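Subject: Structure handover

Hello,

Here is the structure I said I would pass on. Please open it and keep it beside this email as you read.

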Amino acid sequence: MSSETTSNPTYAPSAEMVSRAHISAAKYDEMYAASIADPDGFWGEHGKRIDWIKPFTKVKSTSFEPGKVDIKWFEDGTLNVAANCIDRHLETRGDQTAIIWEPDSPEDKALHITYKDLHRSVCKMANILEDLGVRKGDRVVIYLPMIPEAAYAMLACARIGAIHSIVFAGFSPDALAARINGCDAKVVITADYAPRGGRNTPLKSNADAALLHTKDSVKCLVVKRTGGQTTWVQDRDYDYNELAMEADDYSKPAEMNAEDPLFILYTSGSTGQPKGVVHCSGGYLVYAAMTQEYTFDYHEGDIYWCTADVGWVTGHSYIVYGPLANGATTLMFEGTPTYPDASRFWQVCEKHKVNQFYTAPTALRALMGQGNEYVEKCDLSDLRVLGTVGEPINPEAWNWYNDVVGGGRCPIVDTWWQTETGGHMMTPLPGAHATKPGSAMKPFFGVKAVVLDPHSGEEIDTYPTEGVLCIADSWPSQMRTVWGDHGRFEKTYFSDYKGYYFAGDGCRRDEDGDFWITGRVDDVINVSGHRMGTAEVESALVAHAAVAEAAVVGYPHDIKGQGIYCYVTLMNGVEPTDELYKELRTWVRTEIGPIASPDLIQWAPGLPKTRSGKIMRRILRKIAENDFGALGDTSTLAEPAVVDDLIENRMNKG
Ligand code: 6R9
């Protein structure tokens, strides 16, 4: 239902949605106000939604003060995350499906894994890891495709108190090695092959290549996915399927402190190499579970599907930890939206009677371009709530999602959050808020979202307005530190605006006070919903012998949201050729992974720099955007002629 009560069209939830929803508009207002006025009281109550071994007596002890940033929630409580996601459901819903696994090929059989099955498999994996020498606090790297063993591995680590660090299966051996070394992992869990979209990635051989650059003591546990051939290193490689047959099917959950790390997840920032974001056990689980229930209005018996990969934070919080803590049925999909054709998502929705569906705008844009018939031939009448995440959603994609996929019945929750935030920070709630295409709407409970003037750093509390998005106080699933570098944590998130967590995004608040995320204000680009630091791509490029210097920026891309635009200055005497162009693209793919493939490379005899030698990215961004009229102040350029040359040679003119 659309109305024009404000300058933006709004879509109110249906009466049916309102009547069944956990949270009504009035309840949202009341709960939000309470969460801000008395965080201790509010979270003290909601912290009880999970099972504690030793209940907490303290709720919130947090400081954003420069030099003293310290974040603790429920700090004297103890719990086990895996027991919360599995054991506590055994009595009431042991035979209910916990995970529906849908394989890459629709010809293959889907699996329905009950909570009892999950318990058995996770316990076995926990025992296998312990036999390999993994102990409480040790790190385990998981490099797996979207197979149930990925969830078993995560939960097995949680069960014995080991810290997992998942590396997306699309990352290269180099990226994998850097992450294994970065957290000094004892074991890497991988699979022989990763089938996806009809293709087969040789994961084990990637892991073999990575393990050439790590300590000799790192062990490799290999899950058989296809049974394809792999090389085997005696006393380093272990066959999971064989060990699982013998392993004991009970493992006692370790008693963990709320603040013990649950996982590390590497993510890109504006400078340097990716950093290890650390999430801890108690606060993270409370928040992931609560947001999964309220954002998607999850009810007992619903079938819920988040299409993310477990290699990203969305997969952690909204495929595994949040839904399983709630005793939900969560669908895990191995494939891609377009294999075997563009109706795959919708066929899976129909087949498993999905009620809540959560995906990324880039997937929607790609599918939208294929035509409506792929959607319309499927029965999507079980869908109730649709979600998006990862990047701003353009109104065209939003409207298509709403009209064609949701049949105008299903509220769209546009969830803004980050690896660092652990869970949803901003989203409409399906039965409470009339949505607006492209707006993430309202902060979740406990989130003190503010807009700051980027120059003065002052809060702007009138609206409409625009500025940088900051969070003024802690929430339970906030990242605690950067693995091994607390100084970097403080500097990255708390030094630009003192006393605030700075997310790196800009935003607008409209005349109703609703939030619209406008995108990153730093040197992070968002390619198909994947975060990438331009510095990472630059350092991959300059590692090539032919490259003297490189600058990378984002530019608007129809499907991916942003594409990767590289300005490359070659070494003296090296000729720019088509072969070199191709070689550099392949080079970046192998250095980082296919998601970092440059879309465009422009040969740049020089880069625009200030007199102090800083590359003026603002100008490079404008040139990449074909926006030559708006270069802004160029008076600080050391060599103005460089810019004219770049404009002259802008690739893909027009
Ligand atoms: C969960 C996730 C975080 C960055 C974030 C922002 C962008 C995520 C968004 C969104 C607009 C949304 N982002 N959700 N922008 N609207 N609903 O994506 O984590 O990979 O760490 O990326 O993604 O720029 O800062 P992560």
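This is a predicted model: local features need pLDDT of at least 70, side-chain atom pairs count only at pLDDT 80 or more; totals for chains, interfaces and linings use all residues.

**The ligand**

There are 17 residues around the ligand. Asp 414, Thr 415, Thr 419, Asp 505 and Arg 531 come nearest. For Thr 419, a polar side-chain atom lies 2.5 Å from a ligand oxygen. Asp 505 also places a polar side-chain atom 2.5 Å from an oxygen atom of the ligand. In the side chain of Gln 418, an N or O atom is 2.9 Å from a ligand oxygen.

**Arg 531**

Arg 531 is one of the residues that come nearest the ligand. Look for Arg 531 in strand S29, residues 530-533. Its relative accessible area is 18%, so Arg 531 counts as buried, the cut-off being under 20%. What does Arg 531 touch, leaving aside residues up to four places away in sequence? The list is Thr 267, Ser 268, Gln 418, Thr 419, Glu 420, Arg 520, Val 524 and Ile 525. The side chains of Arg 531 and Glu 420 are joined by a polar contact of 2.9 Å. The backbone oxygen of Ser 268 lies 2.8 Å from a polar atom of the Arg 531 side chain. Gln 418 is 113 residues from Arg 531 along the chain, yet their C-alpha atoms are separated by 9.7 Å.

**The UniProt records**

An unreviewed UniProt entry lists Val 542, His 544 and Val 547 under "binding site". His 544 is in the loop between helix H18 (534-542) and strand S30 (547-557). Is His 544 buried or exposed? It is buried, with a relative accessible area of 8%. Beyond its sequence neighbours up to four places away, His 544 touches Leu 580, Glu 583, Leu 584 and Trp 587. Val 547 sits in strand S30. Val 547 is buried too, with a relative accessible area of 2%. With residues up to four places away again left out, Val 547 touches Leu 541, Val 542, Val 568, Thr 569, Met 571 and Leu 584.

The unreviewed entry in UniProt also places "domain: AMP-dependent synthetase/ligase" at residues 87-474. That stretch is 31% helix and 22% strand. Its end C-alpha atoms are 30 Å apart.

**Helices to look at**

Start with H2 (residues 25-37) and H3 (residues 39-46). They pack at an angle of about 115°, with their axes 5 Å apart. From H2, the residues in contact are Met 31, Ala 34, Ser 35, Ile 36 and Ala 37. From H3, they are Pro 39, Phe 42 and His 46. Six residues of this contact are nonpolar, two are polar and none is charged.

Next is H8, residues 173-182. Its buried residues are Ala 175, Leu 176, Ala 177, Arg 179 and Ile 180. They pack against strands S8, S10 and S16 and helices H9 and H19. Just after H8, Asp 184 takes a positive phi of about 55°.

Last, H12, residues 313-325. Here 13 of the 13 residues are buried, so H12 is largely enclosed by the rest of the structure. Gly 327 follows H12, with a positive phi near 70°.

Best wishes

Notes
Residues are numbered from 1 along each chain as its sequence is written. Side-chain values use heavy atoms; hydrogens and water are left out. Axes are lines fitted to C-alpha atoms, for helices over the stretch in contact, and angles run from 0 to 180 degrees between N-to-C directions. Helices (H or I, at least four residues) and strands (E, at least two) are DSSP runs, numbered from the N terminus. Contact means heavy atoms within 4.5 Å. Ala, Val, Leu, Ile, Met, Phe, Trp, Tyr, Cys and Pro count as nonpolar, Asp, Glu, Lys and Arg as charged, and the others, Gly among them, as polar. UniProt positions are given in the numbering used here, feature names are shortened, and annotations may be inferred rather than shown by experiment. Buried means under 20% relative accessible area, exposed over 50%, partly exposed in between (1.4 Å probe, protein chains only). A residue is near a molecule or strand if one of its heavy atoms lies within 4 Å of it. A polar contact is a pair of N or O atoms within 3.5 Å; within protein, one must be able to donate a hydrogen and the other to accept it, and residues adjacent in sequence count only if both atoms are side-chain atoms.
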